[in-house]
Amino acid sequence: MSLAAVTPAIQPDQYRAVMRHFPTGVAAICAADPATGRPCGLIVGTFQALSLDPALVTFSIARTSTSWPKIRRSVMFGVNLLADGQQPVCKALAGKAEDKFAAIEWKHSAYGTPHIAGSLGWIDCTIQQELDGGDHVLVIAKVLEMTADDGEPLVFHGGRLGGFRDSTAA
């Protein structure tokens, strides 16, 4: 008997209902659109460290994203680790507005990527590899430069955005 014969298909609603219990940080993936020079960006909750040597990070992007093709065409992109209180930045970059950066304070990094003011960290990257991830693309990126600031992270949990509440260590 094959595994497929005994394993029921996971329905999207069930998948979402279970996975919403796992909190994630919020990262803004941003670049200068090579066609216009204007900043473009999107939000991911799947950002993570992958390798120390070489320094690699990974995240996944929905295949339906209209922002990812613009970022992909850029030579480099920046990852902005959003801080608690940056909910308006998250909502702007998760939206469909033509100019998502209209109300966002940012500056160009040394690599020309948008660094959003108030973020906890900035990581300039270039795409190393893209892998099939079902209805998403798994991106592996090489880290070119990174820096961090102080503060608390913006967290996504249970369909809500908020801050991290410290608890007593186990």
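## An aromatic pair

Trp68 and Phe77 are both buried (buried means under 20% relative accessible area, exposed over 50%, and partly exposed in between, with a 1.4 Å probe and protein chains only). The structure is a predicted model, in which local features need pLDDT of at least 70 and side-chain atom pairs count only at pLDDT 80 or more, while totals for chains, interfaces and linings use all residues. Residues are numbered from 1 along each chain as its sequence is written, and side-chain values use heavy atoms, with hydrogens and water left out.

A pair of aromatic rings is described by the distance of the centres and the angle of the planes. Here, rings of Phe, Tyr and Trp (its six-membered ring) pair if their centres lie within 6.5 Å; planes under 30 degrees apart count as stacked, over 60 as edge-to-face, and the rest as tilted. A search of the whole structure finds four aromatic pairs. In one of them, the ring centres of Trp68 and Phe77 are 6.3 Å apart and the planes stand at 75°, so this pair is edge-to-face. Phe101 and Trp106 also form an edge-to-face pair, with 5.9 Å from centre to centre and 75° between the planes. Phe101 is buried, with a relative accessible area of 4%, whereas Trp106 is partly exposed, with 26%. Trp68 and Phe77 also belong, with Phe59, to one aromatic cluster.

## The nonpolar cores

A nonpolar core is a set of buried Ala, Val, Leu, Ile, Met, Phe, Trp, Tyr and Cys residues joined through side-chain atoms within 4.5 Å. The largest such core has 19 residues, and those that touch the most other members are Ile29, Phe59, Trp68, Ile71, Phe77 and Cys125. Two or more residues come from each of β2 (27–32), β3 (39–44), β5 (56–62), α3 (68–73), β6 (77–81), β9 (121–133) and β10 (136–148). Such helices (H or I, at least four residues) and strands (E, at least two) are DSSP runs, numbered from the N terminus. Strand β10 gives the most to this core, with four residues.

Which residues does Ile29 touch, not counting residues up to four places away in sequence? They are Cys40, Gly41, Leu42, Val44, Phe59, Trp68, Ile71, Phe77, Gly78 and Val79, where contact means heavy atoms within 4.5 Å. Another core lies apart from the largest one and has eleven residues, among them Cys30, Val89, Cys90 and Ile104.

## Strands and their pairing

Strands of a sheet pair through backbone hydrogen bonds, either parallel or antiparallel. Two strands count as paired if DSSP finds at least two bridges between them. Strands β2 and β3 run antiparallel and are joined by six bridges. Ala28 stands opposite Ile43 in β3. The two strands, β2 and β3, form a hairpin with six residues between them, and Gly37 in the turn has a positive phi of about 80°. Five of the six residues of β3 are buried, so this strand is largely enclosed by the rest of the structure.

An open sheet of three strands has the order β1-β11-β12, with antiparallel pairing. Its edge strands are β1 (24–25) and β12 (160–163), each of which pairs on one side only. Strand β11 (residues 154–157) is joined to β12 by four bridges, and Phe156 has Leu161 in β12 as its bridge partner. Helix α4 (residues 87–94) lies across β11 and β12 and runs at about 150° to β12. For this angle, axes are lines fitted to C-alpha atoms, for helices over the stretch in contact, and angles run from 0 to 180 degrees between N-to-C directions.

## Salt bridges

The structure holds three salt bridges (a side-chain nitrogen of Lys or Arg within 4 Å of a carboxyl oxygen of Asp or Glu). One of them joins Arg16 and Asp13, whose closest N and O atoms are 3.5 Å apart. Both residues lie in helix α2 (residues 12–19), three residues apart, which is about one turn of the helix. Arg16 and Asp13 are both exposed.

Arg63 and Asp132 meet through their side chains at 2.6 Å, N to O. Arg63 lies in the loop between β5 and α3 and Asp132 in strand β9, so the pair ties together parts that are 69 residues apart in sequence. Arg63 is partly exposed at 45% relative accessibility, while Asp132 is exposed at 65%. Arg72 forms a salt bridge with Glu130, with 3.0 Å between the closest N and O atoms. This pair links distant parts of the chain, with Arg72 in helix α3 and Glu130 in strand β9, 58 residues apart. Arg72 counts as partly exposed at 36% relative accessibility, and Glu130 counts as partly exposed at 31%.
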